Every structure is written in structure tokens, then in C-alpha cells.
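Please read this briefing alongside the sequence and the coordinates.

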Amino acid sequence: MIQHIFYNGKVHTMDDQRTVASAVAVSGDRIAAVGDDDSILAMAGEGTVITDLKGQCMVPGFNDSHCHLMATGLGQVHLDLRGVTSCQEIVRRGRAYIEENHIPPGQWVIGYGFDNNLFDDPALPDIHVAEAISTEHPVFLDRVCGHVGTVNQPVLDLAGYTDDTQVTGGVLDKDSQGHLNGILREAALDYIRRIIPVPELEMLERSARAAMSLANSFGVTSMQTDDLESADLDSVLKTYDALKKKDQMTVRVFEEVQQPRVPQLKAFLKRGMTTGWGDVYFKIGNIKILTDGSLGARTAYLSRDYADDPGNRGVAVYTQDALNEVVALGHKEGMQMAFHAIGDGAVEQCVTAVEYAQRLYPEKDLRHRIVHCQIADKALLRRVADAGMGADIQPAFTASDAPLVGSRLGAAHEMDSYRWKTMAEFGIPMGGGSDSPVETLDPLWGIYCAVTRQDAQGWPEGGWNPQERLTVDQAVYLYTRGGAYQSFEENIKGMIAPGYLADLAVLSQDIFTIPPEEIPKVHAVMTLIGGKICYVLNQS
């Protein structure tokens with residue numbers, strides 16, 4: 001039976017021929033037929049809902065190939081530090097947050113989203129800032145990149161950090177007297193996340209629903225998400241299972257599982273879960289490996305010194321041998337590996353580890369991928385391609401990072417950044433992600449950035465490194481078929497074709513035909529998952 005027919009639209013199927021149809025028929029949770037108005041309307045039966053698209057654009061539901069779903073939801077209840085322009089503003093917001101939410105002494109205060117590059121004095125906030133907020137609460141302030149943060153003395157005490165503490169793969173910053181100054185980087189910061197009390201399941205469910213609802217409002221129907229920075233694996237599994245039983249999963253989840261070292265990975269593998277375990281609403285995805293930090297925090301691991309910080313190459317979370325060991329184990333057991341790697345030093349480590357695993361255990365099509373893959377010259381990208389690896393890129397990063405890339409890398413190496421067109425020419429499979437809450441979940445903003453390589457004000461004129469711009473078709477592919485390929489779901493997602501899941505997004509304008517600078521003005525007006533409407537724009 002045909003439950004729903006959409007007609008009188010511009011249906012961009014994203015099939016190999018890039019067919020543009022006008023009508024779609026939906027049966028159950030699948031697409032039954034695609035074609036012209038007359039042929040599809042003739043399929044209507046008693047009870048079929050018929051919707052006139054009124055010339056609007058329909059595309060496959062968008063797929064965010066790398067984000068943090070639960071962190072995005074929890075960000076709506078934590079201390080919001082996005083857009084602050086000084087340490088004084090951090091303190092004001094923090095004190096107000098404690099007072100307005102009646103947070104009792106001893107309960108954690110978790111802030112997220114400050115970007116010190118927006119400050120007149122770009123120095124990172126330190127322990128004095130965290131303690132100006134409170135000394136009666138453990139205070140944790142997370143930079144927007146998630147790779148450097150600040151804590152107060154109660155947190156240092158809870159973690160057992162002293163002036164003599166050494167952290168493998170992480171850094172505890174010190175002041176001029178050699179004392180901890182509250183600034184933590186990489187593994188030192190990750191440990192803090194692990195000692196923060198896990199939110200109650202009700203809170204996790206509420207946060208996940210909030211993030212899914214937000215995603216639906218942008219036409220997103222699939223999210224490949226790393227949630228283990230927000231809760232432990234058992235809590236994550238229980239949360240999504242509860243939402244499935246309540247029929248409240250309005251996005252499909254491909255869960256990225258952080259198991260950074262061999263002992264943790266072995267413990268996970270004993271559960272009997274491998275990549276693809278699950279159903280159409282929730283699947284275990286890849287093993288997520290953080291190999292370096294961020295460019296903004298100068299913890300991205302480079303093959304040379306930072307141009308604006310001589311002697312610093314960033315943070316290598318792994319030695320090559322340690323990375324080889326964990327990747328070989330995951331590869332052997334059939335797990336896709338996803339590497340957070342921004343600097344070219346980290347990218348090279350990841351490729352070397354995959355090459356090592358493939359020599360030990362050849363003929364495995366696991367589609368290992370590099371998340372971000374921001375800095376790499378052509379020779380390194382050729383190795384990525386030859387290793388059969390993909391890349392999850394975040395086009396929106398160009399809008400926020402372009403002003404600082406030159407100073408961080410130097411003019412000679414600035415061109416080796418965010419080389420998307422080169423990746424496409426080399427045949428590297430790419431998916432498009434937001435890294436939300438680092439950037440907005442809106443894929444239309446990502447598409448705009450991929451096509452123009454400009455910020456919201458149109459800077460720089462002509463685009464930053466414009467030779468690496470993508471076409472609109474290539475950019476939409478990132479968030480549809482590209483993402484589906486990364487999660488081994490290219491036969492059920494990413495196209496509007498018979499037999500595919502009826503995950504659909506209706507847009508206010510045809511992004512394939514309007515001027516690129518108009519794309520940010522486009523919005524989703526309707527989103528469907530499995531043929532069910534999960535979002536409709538209120539146009540009253």
C-alpha cells in the first residue's frame with residue numbers, strides 16, 4: 001500500500017545520473033517509486049496521503065558523518081560559553097549560571113564553548129578564572145574544540161593531579177613557578193571527563209531527544225556520533241534502547257566508540273559487537289581514536305613546529321608503535337577505525353598504522369577513515385587514498401579557522417589545509433560532518449562553506465584557497481551518499497530510489513540552482529524518517 005505521495009517538486013535523487021524527478025511514493029518505511037507526477041499519482045489508493053510540494057526541493061535526508069549528539073543536547077543544560085569575548089565574561093556567566101540554577105556546593109559546573117581567539121587577550125583562561133566562578137563547586141571549562149580546558153583546584157584534587165603528575169598523551173600546563181595552572185590538554189583533559197558523574201538516564205534521554213529534534217529541523221536524519229565523551233558505553237546503549245522502545249528515535253545513529261588503548265578495546269570486543277551491529281535505527285559504528293588535538297589550541301600534531309610557537313609541534317597522543325598495536329587489533333576483529341587527526345604529523349601516524357594492519361591482515365574492506373584530515377600535502381593524501389581510507393571533513397571549519405591557519409602554519413604550508421578538491425580528485429571517499437557542538441548541525445551551512453570557502457560575511461572575497469572549493473553537487477553528496485558510504489549503508493541511504501529508506505528533507509529553495517551565497521538563507525520545511533514526518537516548519 002502507498003501511504004504517502006509527494007508531487008509537484010524538484011526531487012534531486014542523487015542517483016548516478018543525478019535524475020531530477022517531480023514525485024515520490026512511500027510505502028512503509030521505504031521509497032516505493034520515483035518519477036513524474038502522473039505516474040506516481042496514479043499509484044494512490046484509498047488512504048494515501050498526497051502532499052503538494054509546490055515546486056520546493058526534495059533531497060535525501062542529510063547524514064552528519066561526525067558529530068557528538070549527546071554533547072549537543074547536554075550543551076543546552078550546561079553553562080553556555082559560546083561567543084564570550086573575555087575571561088571576565090566567563091566568570092560573569094558562570095556565577096549567574098550557579099545562582100539561576102540553584103546548583104548546590106559540591107555539584108559540578110560544566111561550561112562549554114569558549115574560544116580564546118575571540119578575546120582581545122587570547123591567553124587561555126586559567127585556574128584563577130575557574131576559581132573566580134566558584135571554589136565550592138568542581139568547575140570544568142571546555143574550549144570549543146574540546147581539546148583544551150580549564151579546571152579549578154577541587155577538580156585537580158579529584159583527579160589526583162599534582163605538580164609532579166605526568167600524563168601520557170596529554171599535558172598539564174604549569175605557571176612560571178612550576179605549579180599547575182589549571183589548563184589541561186588532550187589525555188589530561190579526557191581523564192577529567194571520565195571522572196565527571198555520568199548524567200542520569202532521564203537526562204541523557206532528554207538531551208538526545210533535544211539534539212535529534214534540532215537535527216530534524218535542519219533536515220538531518222542520520223548522525224554518526226561519538227557520545228562516549230558524555231557518558232559511559234552502557235549508559236549510551238541504554239539511552240538509545242529506551243528511545244527505540246518509546247518510538248522516539250527521529251534520527252538513525254551510527255555510534256563511534258572511543259576505546260583508546262588495547263586493554264579497553266579487548267574488553268569492548270568481548271561484548272561481541274562489531275561495526276554494523278544493531279538495526280536501522282542504532283548501530284555500533286567505528287572505534288574512535290583521538291591522535292592529536294586542535295589547531296586553535298595548538299595541540300594538533302604537526303610534522304614541523306608551529307610558525308607562531310617555535311619548539312611546539314602539538315600533542316602526539318600515541319607513539320607509532322602504540323597506535324599500530326590498537327589499530328591492528330581493531331582491524332583484525334573487523335572494526336572500522338576512525339581517527340581524529342588534524343595535523344599532518346597525526347595524519348601520517350594514522351596512515352602508517354593502517355598500512356601496518358593491512359600488511360598483517362590483508363583483504364579487509366573496513367573503510368577506515370580520518371576525521372577532520374585538515375592538514376596534509378599531496379604526497380600524504382596519496383597515501384591516504386592508496387590505503388583505501390576515507391575522510392570525514394567539516395567544511396564549516398574553514399569559516400572559523402581561516403583567519404588563524406596562516407599564523408599557525410606559515411604561508412608556505414597554509415595551502416596544505418582543508419584540501420577537499422584534491423581529496424576528491426584522488427578518489428578519497430568523503431563524508432560531511434559538523435562536529436557539533438563545535439559547529440552548527442545545519443548541513444546547509446556546511447554546504448555553503450564547502451562551495452564558497454567563505455564566512456557568513458563573504459570573507460575572504462573569492463574564498464580562502466579557492467582552488468579547493470567543491471561544487472554544490474559534490475557538497476550535497478558529502479552529506480548524503482558520502483555519509484552513507486562511510487557507514488556501509490550506501491544501499492539503503494543517501495539516494496531517493498526505490499527500496500531505499502524514506503528518509504527525506506524538503507528545502508525552501510533549490511540549492512542546486514540559486515547563487516551559492518544564498519544557500520545559508522535556505523531552510524528545511526519538512527523532514528521525514530522512515531516515511532514518518534518528524535519535523536514541519538511552523539510558517540504561521
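The bend at a residue is taken here as the angle between two fitted axes, one for the seven residues ending there and one for the seven starting there. By that definition, helix α17 bends by about 50° at Leu 478. The model is a predicted one, in which local features need pLDDT of at least 70 and side-chain atom pairs count only at pLDDT 80 or more, while totals for chains, interfaces and linings use all residues. Residues are numbered from 1 along each chain as its sequence is written, and side-chain values use heavy atoms, with hydrogens and water left out. Helices (H or I, at least four residues) and strands (E, at least two) are DSSP runs numbered from the N terminus.

**Helix α17**

- Helix α17 covers residues 472–486, and its 15 residues reach 20 Å from the first C-alpha to the last, close to the 21 Å expected at 1.5 Å a residue, where the expected span is 1.5 Å times one less than the number of residues.
- Most of α17 is covered, since 11 of its 15 residues are buried, a term that stands for under 20% relative accessible area, with exposed meaning over 50% and partly exposed the range in between (1.4 Å probe, protein chains only).
- Among the buried residues of α17 are Val 472, Leu 478, Tyr 479, Arg 481 and Gln 486, so that Leu 478, where the helix bends by about 50°, belongs to the buried set.
- Phe 488 follows α17 and has a positive phi, near 60°.

**Helix α3**

- Helix α3 (residues 87–100) has 14 residues, and the distance from its first C-alpha to its last is 20 Å, close to the 20 Å expected at 1.5 Å a residue.
- Its buried residues are Cys 87, Glu 89, Ile 90, Val 91, Gly 94, Tyr 97 and Ile 98, and what covers these residues of α3 includes β9 (79–80), β10 (109–114), α4 (127–133) and β11 (139–143).
- After α3 comes His 102, whose phi is positive, near 50°.

**The crossing of α7 and α8**

- The axes of helix α7 (residues 201–217) and helix α8 (residues 233–245) come within 9 Å and cross at roughly 65°; axes are lines fitted to C-alpha atoms, for helices over the stretch in contact, and angles run from 0 to 180 degrees between N-to-C directions.
- On the α7 side, Leu 201, Leu 204, Glu 205, Ala 208, Arg 209 and Met 212 meet Ser 235, Lys 238, Thr 239, Tyr 240, Ala 242 and Leu 243 of α8, contact being defined as heavy atoms within 4.5 Å.
- The residues of this contact of α7 with α8 divide into seven nonpolar, two polar and three charged, where Ala, Val, Leu, Ile, Met, Phe, Trp, Tyr, Cys and Pro count as nonpolar, Asp, Glu, Lys and Arg as charged, and the others, Gly among them, as polar.

**Backbone details in loops**

- A cis peptide bond, with omega about 15°, joins Ser 436 to Pro 437, and Pro 437 lies in the loop between β21 (430–432) and α16 (443–452).
- The peptide bond from Trp 459 to Pro 460 is also cis, with omega near -10°, and Pro 460 is placed in the loop between α16 and α17.
- In the loop between β2 (10–12) and β3 (20–21) sits Met 14, which has a positive phi near 65° in a residue other than glycine and is buried at a relative accessible area of 2%.
- Arg 18, placed in the loop between β2 and β3, has a positive phi of about 55° although it is not a glycine, and Arg 18 is partly exposed, with a relative accessible area of 29%.

**Individual residues and their contacts**

- Phe 268 in helix α9 is buried, with a relative accessible area of 1%, and its contacts, leaving aside neighbours within four places in sequence, include Leu 233, Val 257, Ile 284 and Met 335.
- Phe 339 lies in strand β18 (residues 337–341) and counts as buried at 0% relative accessibility; leaving aside neighbours within four places in sequence, its contacts include Ile 289, Leu 323, Cys 350, His 368 and Met 389.
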